[in-house]
Amino acid sequence: MRLINFVLVLAILVSGCTSGSSGNSTPTAEDAKKFMDDVNDTLFKLALEASQAGWVSETYITDDTSALFARANQRLIDKTAQYAKEAVRFDKVDVAPDIRRQLNILKVSLVMATPSNPKEGEELTKIAADLDATYGKGKWCEDPKKSESCLDINQITDIMRDSQDEKKLRQVWEGWHTISLPMRKEYTRFVELSNKGAKELGFADSGAMWRSKYDMSPEDFTKELDRLWTQVRPLYLKLHAYVRMKLREKYGDVVPANGPLPAHLLGNIWAQDWSNVYPLVKPANADKGYDLTSILKARKTSPVDMVKTGERFYTSIGFPSLPKTFWDRSMLVKPRDREVVCHASAWDVDNVEDLRIKMCIQPTDEDFNTIHHELGHNFYQRAYKDLPVIFRDSANDGFHEAIGDTIALSVTPEYLVKIGLLDKAPDASRDIGLLLHKALEKIAFLPFGLLIDQWRWKVFSGEVKPEDYNKAWWDLRLKYQGVAPVTPRGEDFFDPGAKYHVPGNVPYTRYFLADILQFQFHRALAQTAGCTSVLNRCSIYQSGEAGKKLNDMLSMGLSKPWPEALEKIAGSKQMDATAILDYFKPLDAWLDEQIKGKPVGW
Ligand SMILES: [Zn+2]
C-alpha cells in the first residue's frame, strides 16, 4: 500500500492568481527579510486554516465540509503563488544565505505555475480541476445501461488483487483504461499553459521547474536518478525473470518465456506493486514462522494499544512522547455514524505540535506497519517545528515518506520478541518468503516510480509530442519495467491518464527517492545501533545513538540542502542504492538458484 503524506505545507497543487506589483524602487536586503517575515507569518495562518478545514472534511465528509476545505485551501494556494512570483524581485539583491534559501524554496514551491495572462490563468486552473475530477469520477461500466455494472477504482483494485481469471483481469484492465480517453485533448492544452507559467518564472518548462527542487541542476538530478537505477537494475531483472517464470506456469503462453510481463497480470492495475501475486510466486517453504495478524487478533489488541506500541518505538530511541492532544484528536477507528476518508495519513494541523494520525485501524500486520510509518511523519514534523515556516518540511520530498518506512524496516521478528508480541524469533533461514514479499512491493516499484516523471519531463520539454503520448508511455514502461500491454495501445488511447498522479498533476519522483533512501537510512542507522546480523533482521529499537542521529537530521527540516541532511545519517552526501542490495542479499542468492538456465530480461 502506498501512503499519502498530507503535511499541509506549501508545496501542494498551486494555481490561480496573478503577480502582485513589485514597486519601482530597487529592493534592499532589509526589504527581502521583511518580505520573508510576512510570507512566513501569512502562510502559517493560512496553512492552519486549510489544515483544520482539511481535517474536518476528511473525518466528517459532507458537501459543506468539502466546500469549506476547498475554499481555505484555495486561499493558501493563491497566496503562495502570489508570493512565489513576488520573490523574483529579490533575485539580484545581495541577501543573507538563510533568506536566499527561503526565497528559492518559495520560488520552486509551485507544482503548477499559471500564466500571468488572466484568461490563460483561468483556463489552466479550470483544466487542472477538470482533469482531476475526470479521474475522481472515473468508472468503467461493463454494461453502460446498468449502473450496477459500473466499477470505480476501489472495485477495480479489489478485482486486480483477488482475481486469477486471465480474461476477467484483461477485461477490467482494458475497462479502467477507458476512463482517460476524454483527458487527452485537455492534457495537451494543460502542458502548453503550465509551461507558459513556468517560463514566466524563469524555468525552461514545468518539468525543469519540478526538478529544480533538488538542490542541483535539473540535468544533474536526472543523471543522479539514472545512476541509482543502474545500481538496482540487476536485482530487478532477476525478480522480473522469476515472476515471469512463475506466472507462465500459472497463465501459460499469455506470459512470454522471454518477453515483457503482461500489464494486467501483476495484481495491480498499474503493475506498480506486485505483492498481490505473492500467492502465485511464493517459495515452497514460505512459512515465516509466525503470523502477526493472528497474534494481534488473539490478544484482542486495541487500535490505541497498537499506536501506543508504535509510539514506544520512537520513545525507545530518544524521542519525547506524543502530546496529549494527539490522543484526544486523532482518528484511530472508523466512526459508525458518518463518512470518513479511511486512507491513512499523518497531520501536523498547526505546523507546531498539533500532531495527529487518521486511520481506520484493524488488528493486522499491515496496519501495525502503517502505524510505524505514519508516526514517522509526526515525529519528523515535530522535530522541525522551531524553524521558519518555509523550512518546516522534509529535506527533499522523498525524505518525508522514507522516515516512517525506515522505522517500519526495524519491525523485525527480534523486535516483536522484545516487545512481547512473539515468544521466539524464527530462524533467519525462513526469511525468503518475507524478503520476496517485500521485494514484490519495493523492488518492483522502483522502475515504475522512475518512469512516470520520465514520461512527464519529456512531455513538458516537448521531446515527446502530443501525437506520441501513448507510444512514449509504453516505450518507457517496456524500457524500465519490462511490462507491456497484450493488445496494441495506439494513440486513440491515453493510458498515462489512468494513473491518478498524471491528471492530478502530482510529481512522482519522490516515491522513487523514498524507496531508495529508506534502505540507505536503515543500513546506516543499523550500523550506528551496532547491529551485526543480516541487514533485514536489524532493528534500531532502543538505540539512543541511532535515534540521536535520526533526530539531528529530522530537526534540520528543509533549512539545508538535502545532501547535508543525508550526510547526518549516512555519513555521505550521495544517495546510494547498494543498501537495497545488502538488505535483499539472501533473496538475491535464492533468485539466482531459481532462475538458473532461464531467460533474464526482455
Ligand atoms: Zn506516508
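At 22% relative accessibility, cysteine 141 counts as partly exposed, where buried means under 20% relative accessible area, exposed over 50%, and partly exposed in between, with a 1.4 Å probe and protein chains only. The structure is a predicted model, in which local features need pLDDT of at least 70 and side-chain atom pairs count only at pLDDT 80 or more, while totals for chains, interfaces and linings use all residues. Residues are numbered from 1 along each chain as its sequence is written, and side-chain values use heavy atoms, with hydrogens and water left out.

Cysteine 141 forms a disulfide with cysteine 150, the two sulfur atoms lying 2.1 Å apart; a disulfide is here a pair of cysteine sulfur atoms within 2.5 Å. A search of the whole structure finds three disulfides, and when the bonded cysteines are counted along the chain, the pattern is 1-2, 3-4, 5-6.

Another of these links joins cysteine 342 to cysteine 360, with 2.0 Å between the sulfur atoms, and its torsion of about -85° about the S-S bond makes it left-handed. This pair links distant parts of the chain, 18 residues apart: cysteine 342 is in the loop between helix H13 (324-329) and strand S4 (345-348), whereas cysteine 360 is in the loop between strand S5 (355-358) and H14. Helices (H or I, at least four residues) and strands (E, at least two) are DSSP runs, numbered from the N terminus. Cysteine 342 counts as partly exposed because its relative accessibility is 28%, and cysteine 360, at 15%, counts as buried. A further disulfide is formed by cysteine 531 and cysteine 538, whose sulfur atoms are 1.9 Å apart, and with -85° about the S-S bond this link is left-handed. Within this pair, cysteine 531 is partly exposed, with a relative accessible area of 26%, while cysteine 538 is buried, with a relative accessible area of 2%.

The model also holds a zinc ion, whose protein donors are His373 (NE2), His377 (NE2) and Glu401 (OE), lying 2.1 to 2.3 Å from the ion. Donors are N, O and S atoms within 2.8 Å of the metal (3.2 Å for Na, K and Ca), and water is not among the atoms, so sites may look incomplete. Along the chain, the donors of the zinc ion follow the spacing H-x3-H-x23-E. Histidine 373 and histidine 377 are separated by about one helical turn, because they are four residues apart in helix H14 (residues 365-383). Both of these histidines are buried.

In soluble globular proteins, nonpolar side chains tend to be buried together. A nonpolar core is taken as a set of buried Ala, Val, Leu, Ile, Met, Phe, Trp, Tyr and Cys residues joined through side-chain atoms within 4.5 Å. The largest such core has 177 residues, and those with the most contacts inside it are Tyr187, Phe190, Leu239, Trp274, Phe399, Trp455 and Phe584. Helix H17 (residues 431-461) supplies the largest share of this core, 17 residues. Apart from this core lies another, of nine residues, among them Ala84, Leu110, Ala113 and Met209. When residues up to four places away in sequence are not counted, tryptophan 274 touches Tyr236, Leu239, His240, Val243, Leu261, Leu266, Leu440 and Ala444, contact meaning heavy atoms within 4.5 Å.

Threonine 301 is placed in the loop between helix H11 (292-298) and helix H12 (303-316), and at 17% relative accessibility this residue counts as buried. With neighbours within four places in sequence left aside, threonine 301 is in contact with Leu296, Met306 and Pro363.

Turning to the chain as a whole, the protein has 23 helices and six strands, and of its 602 residues, 56% count as buried. Among contacts between residues at least 6 apart in sequence, 78% join residues at least 24 apart. Along its principal axes, the C-alpha trace spans about 75 × 55 × 50 Å.
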